[in-house]
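Okay, thanks everyone for coming. I'd like to walk you through one model today, a bit of strand pairing and then some rings. Let me put it on the screen.

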Amino acid sequence: MQKNFEFPDFVEVTPSAVIHTRAHGWRAKCLQRLIRLSLPVPQTVALPAQTVRAIASGQGIDSKAILQHFGDAPLISVRPSPENPDWGGPGTILNIGMNAARHALLITRHGQAAADAIYLRFVQSYATHVARLDPDVFDSVTPSADALRDALRHYEREMDEPFPEDPAQQLSEVLRSMARAWEGTSARLLRQAKGAPVEAALGLVVQAMAQGLGQGISGSGVVQFIDPVTGMPQVTGRYLGQSQGRDALKVNDAIYLTRDKRGPSLEDIAPDLFADLIRYGVGCRAKLREEMQIEFTIEDGHLSVLDAIKVARSARAGLRVAVALAEDGIITQNEAVLRVEPRSLSEMLHPQVDPRGARDVFAKGIAASPGAAVGKIVFTSAAAQASASRGEPCVLVRRETAPEDIRGMHSAAAVLTERGGVTSHAAVIARGLGVPCVVGASGLRLDAKEKRVIAADGRVFQEGDLITLDGTTGEVLAGAAVLLAPALDETFQTLLGWADEVRDIGIRANADTPADAETARRFKAQGIGLCRTEHMFFDEDRLVVMREMIFADTSKDRAAALTRLLPMQRDDFVQLFEIMSGLPVCIRLFDPPLHEFLPHSREGLRELAEALDRPLSEVVRRAEALSEFNPMLGMRGVRLGVVLPEIYAMQAQAIFEATVVVARKGAPVVPEIMIPLVSARREVELVKSHIDAVAASVRTKTGVDFAFKLGVMVETPRAALRAGEIAQHASFLSFGTNDLTQMTYGLSRDDAGRFMNTYVQQGVFPEDPFHTLDVDGVGELLHIGAERGRATRSDLILSICGEHGGNPESIDFCRRAGFDYVSCSPYRVPLARLAAAHLALADAVDK
């Protein structure tokens, strides 16, 4: 081997040896730490990544020199040691050095059966992983002298040479095989899928075998000290007598570690050794600053620690562990905050399918809104509402959802659609409601007429059948799965409290209903950044009045219909203000085109004609007149406010009267009123003059003075470009990145799913711009709008309130652009709070 490397070809792992995680891998570094803790770790030698790469390229290594570290006739193992344990690696190979002479020696020490088992295990492993022979010939063989002889004969027949007897040759071949396995295409793609960089390298660890076989107490096992699902303190694991490696996890006759009524335990048969394991666990937690799983072997009553790895755990367990370590003074609060991935919080906010239970999956789609729910299948919004009224949870199954399905989505426990992507109507609304949702389940065939859905495997599910929807994984399960409750306990609140202490940008919630506002408060949002008032009009009693207003022939008739809506709107705002308890509430004035409030079917139009006592022909004619070629770019938003000023006047009056109501109760509020879809300064001037007049009227009528803020929702490129002049009449600009992205790209969010995957895969877009903020295009418009707006008005409040508001990448952009806050759906508020803290802490380190 050439000697022109930075590190030696191999090094014995001692307390003072030069071992680096980047060079020798996480396992080598962890074993060194265990040795420093005086744990009984077998003799170990580490090979750095540069040596392993050289071996993979065909260079040799002095295996005899490595073996000299282990004494005469050693038995050793080789384990992978990548920089990050999550990257995986080739499987461990045990009992290297086994040959006829060592076999005979083991027979005298441990007996024929144990010696045969050890030798056979090595022959099987070597034949399949090193010589690459057919595993079916060697696996699933019961250890015996005959089985060993057959395995050796078959190896010789297949390889045209006897099984290697020289330990140095065995070690060289094992090292070469593992090094080349790491460099293989499949292994490279697999670890890159787990986040490994292209250049990720592998170290290897050679370790003396602790047999786990012997005349006295002998065996192997694993132990950990927390429940991997909940994170609660709990000693768990398995121990198997007369075994090696991780055999205890593979068989049913392993025994428990702690005393258990169900059977024998290690604590019963070897209490002193069990106490040592507990002590080692405590030491690892304190010194390694982590909850570790310890792999151990006992040989004739002597305990050896072979390895220690971070306990694999759920997100809720990870959060609990981080907080516990900080509260015990082992790590800092800031480090605890950084240890919890923001996106993992979604698992804790909603019920989840218990990973320990069985999963009968019959459909797979896109995980659009996290959480899990069990319910009966329904196929219409009306059926969902009826099910909710009976107190029966249901799963609303649709080909795709539309605005008129919102009430059904409110009522459903979960939503499943055959079509759609992560930015489809169903996905966006479900995330806002906190309802689990799976979209794009294209393997399903929906038969709405027969009220059934057919799975790809041919199974048929009828309306009323019970299913479980897992919006976290995108899977749909037959029957009722066992669910874990949300983990919004004191530990959750503690961690987010620490995050709030360091973050440097405000986090508000998008909340359209009192229930949304309650959720926002529970998740400690700093106010409501977007209240979409149109959602308040879809309730049945309001929808009738809304339709009367649409069909009114004169301004006076429209005002009369709106007068009936006024007290309903006022009560909505009173509830919001009271729930938010003085925190800011930003209310967006009416935005959607009016046709969204009309029935889309002939039958619906007939029922509307009866309700309004008008001829069907007139109703159809009016509905057709309201239809538009491109309604999202038509008569909506501020354009309605200019052409039909009665609508905004009624909403402004409701807002101001609600302000007076709560003020008289001793809870003053300064409402924020936002004008949607602005593209010109004059639009703002016209709406502002109407709202100012309504405010003056309410002040005069009630004798109560109050303040309010008027702002603009920037959703058109022109509004961003003309932000300087628009800001003359606005206290704040809130960038609605959903529509701004649509208009910047000239792309419909609801239709983009048809080709977005192809575009991302072929590099047209780096990511779906409706899912991840386009910082180059849309982001430049945000920069322009922010700079020009604040050039006009230095105290201008800036924010974003689209779907992007809860994304860590968008939060990072907004912090750097000097925005005051982001607003996202209530269930994304905790994620946003934690992500903002991560970004602030990362900046502090960089400085």
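**Strands, then rings**

Let's start at Tyr821 in β30, which has Ser799 standing opposite. Keep in mind that this is a predicted model.

Now the side chains of β30, which covers residues 821-824. In a regular strand, side chains alternate between the two faces of the sheet. Here Tyr821 and Ser823 point one way, while Val822 and Cys824 point the other way. Buried or exposed, these four? All of them are buried.

Ser346 is in helix α15, residues 346-349. Why does Ser346 count as buried? Its relative accessibility is 18%, and the cut-off for buried is under 20%, so Ser346 makes it. Leaving out residues up to four places away in sequence, Ser346 touches Gln352, Pro370 and Leu831.

How many aromatic pairs does the structure hold? The count is 15. Let me pick one of them, Phe656 with Phe708: the centres are 4.9 Å apart and the planes sit at 50°. Stacked counts as under 30 degrees and edge-to-face as over 60, so at 50° this pair is tilted.

Where do those two rings come from? Phe656 is in helix α26, residues 645-664, and Phe708 is in the loop between α27 (681-702) and β27 (709-714). They're 52 residues apart, so to speak a link between distant parts of the chain. Phe656 and Phe708 are both buried.

There's also an aromatic cluster, formed by Phe122, Tyr126, Tyr155 and Phe163.

Arg191 lies over the face of Trp182, 3.9 Å from the ring centre. And Arg699 has its charged end over the ring of Phe706, at 4.6 Å from the centre.

Okay, that's my tour, over to you.

Notes: Residues are numbered from 1 along each chain as its sequence is written. This is a predicted model: local features need pLDDT of at least 70, side-chain atom pairs count only at pLDDT 80 or more; totals for chains, interfaces and linings use all residues. Side-chain values use heavy atoms; hydrogens and water are left out. Rings of Phe, Tyr and Trp (its six-membered ring) pair if their centres lie within 6.5 Å; planes under 30 degrees apart count as stacked, over 60 as edge-to-face and the rest as tilted. Helices (H or I, at least four residues) and strands (E, at least two) are DSSP runs, numbered from the N terminus. Buried means under 20% relative accessible area, exposed over 50%, partly exposed in between (1.4 Å probe, protein chains only). A charge sits over a ring if NZ of Lys or CZ of Arg is within 6 Å of the ring centre and within 35 degrees of the ring normal. Contact means heavy atoms within 4.5 Å. Two strands pair if DSSP finds at least two bridges between them.
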